[in-house]
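Dear colleague,

Please find the structure below, with an account of what was found in it. I would be grateful if you would read the two together.

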Amino acid sequence: MSRVNTRRLVVLAVAGLGLLGAARAFLPRVSAAAPARSAEGSDQPVIRFVKNPEMAPPLQALDLLGKPVSKDNWPGKVVLVNFWATWCPPCREEIPELLELKREFKDRLEIVGISEDDDPPVEVLKFARKQGMTYPIVMATGELIDAYGGVPALPTSFLIDTQGRVVQKHSGLYPIEAYDLEIRSLLGLPTVARVETFVDTGQVFLKNAANATELPGVSFKGLTADQKKRALRRMNSESCTCGCKLTLSQCRVNDTECPVSGELTAKVVKEVASGAKPAPTPPSKGTNSIAQ
């Protein structure tokens, strides 16, 4: 049985199968979650990277074969840190595409699989060999998941540039054509795509939701600038009670369909607008994106 709870499985079904999986099944493959098109209306694809990327979390571990896997060996390479599991259908569908990317870019691309299976490593290794997975696979730990944070669904991949900085995160299935454009751009190879940058307000690392001035599904309409600041301050300090162990802001970014954080953030906005004092609530106990 997987370590993820029922709520995470719902997120997985929506993010991995319901949205991106459906798009791949019924639309031309390149259209599914493909890079955005230029705002000027041209057909030039646009890829987006974090404006001021953070360094990737430390990683020192042994893979399924007992060989060391270290972030220290990544400089000069583009890296995909891929959170996955053998029981995850979209993850299994993605494996041949990751292998194809590895064949294309060879030693200039490193792929590291982070298995969230509860099965023994020997069982994961058996599966990996059957699938022909040639890249290193590390068993996930609570510390490793915490370090990356913001893993709302499987598969989720963190894209790391040649300087060891996390520049993008993709949750659910993502087209190989889009990965190809991103990797080529990071390696300085010719590409037809134009690069845009964005400020990470939780899209990559959930802790950065504290920097957000807008939140998914939250309306600040009617609030003054000062009231909006107070509302956001509360949402970044009060915990969601859905069981996710996140702040209200983090929960809205991590799970835009969560009815609990939706209701609680609306309550915060209403209280701030009316000047009512909030009822005491326990502080957030962490920034885990996965309730375990």
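Of the 292 residues of the protein, 49% count as buried, where buried means under 20% relative accessible area, exposed over 50% and partly exposed in between, with a 1.4 Å probe and protein chains only. This is a predicted model, in which local features need pLDDT of at least 70, side-chain atom pairs count only at pLDDT 80 or more, and totals for chains, interfaces and linings use all residues. Residues are numbered from 1 along each chain as its sequence is written, and side-chain values use heavy atoms, with hydrogens and water left out.

The protein has eight helices and eleven strands; these are DSSP runs numbered from the N terminus, helices being H or I of at least four residues and strands E of at least two. Among contacts in the protein with a separation of 6 or more, 70% come from residues 24 or more positions apart, a contact being heavy atoms within 4.5 Å.

The sheet

An open, mixed sheet is built from six strands in the order β3-β10-β9-β6-β7-β8; two strands pair if DSSP finds at least two bridges between them. At its edges lie β3 (54-55) and β8 (137-139), each of which pairs on one side only. Helix α3 (residues 121-131) packs on the sheet and touches β6, β7 (109-115) and β8, its direction making about 155° with that of β8. Such angles run from 0 to 180 degrees between N-to-C directions, and axes are lines fitted to C-alpha atoms, for helices over the stretch in contact.

Ala-128 is located in helix α3 and is buried, with a relative accessible area of 3%. Leaving aside neighbours within four places in sequence, Ala-128 is in contact with Met-133 and Ile-137. Ala-128 also lies 8.6 Å from Thr-86, C-alpha to C-alpha, although 42 residues separate the two in sequence.

Strand β9 and its partners

Strand β9 (residues 156-160) pairs with strand β6 (residues 78-84) in the antiparallel sense over five bridges. Within this pairing, Leu-80 has Leu-159 as its bridge partner, and Val-81 stands opposite Phe-158. Strand β10 (residues 165-171) also pairs with β9 in the antiparallel sense over five bridges, with His-170 opposite Ser-157. Four residues lie between the strands of the β9 and β10 hairpin, where Gly-164 takes a positive phi near 85°.

In a regular strand the side chains alternate between the two faces of the sheet. In β9, Thr-156, Phe-158 and Ile-160 point one way, Ser-157 and Leu-159 point the other way, and all are buried.

The packing of α6 and α8

Helix α6 (residues 225-235) packs against helix α8 (residues 259-274) at an angle of about 140°, with the axes 9 Å apart. The two helices are therefore oblique to each other, because angles under 35 degrees count as roughly parallel, over 145 as roughly antiparallel, 65 to 115 as roughly perpendicular and the rest as oblique. Residues of α6 in this contact include Gln-227, Arg-230 and Met-235, and those of α8 include Thr-265, Val-268 and Glu-271. By class, the contact residues are six nonpolar, two polar and three charged; Ala, Val, Leu, Ile, Met, Phe, Trp, Tyr, Cys and Pro count as nonpolar, Asp, Glu, Lys and Arg as charged, and the others, Gly among them, as polar.
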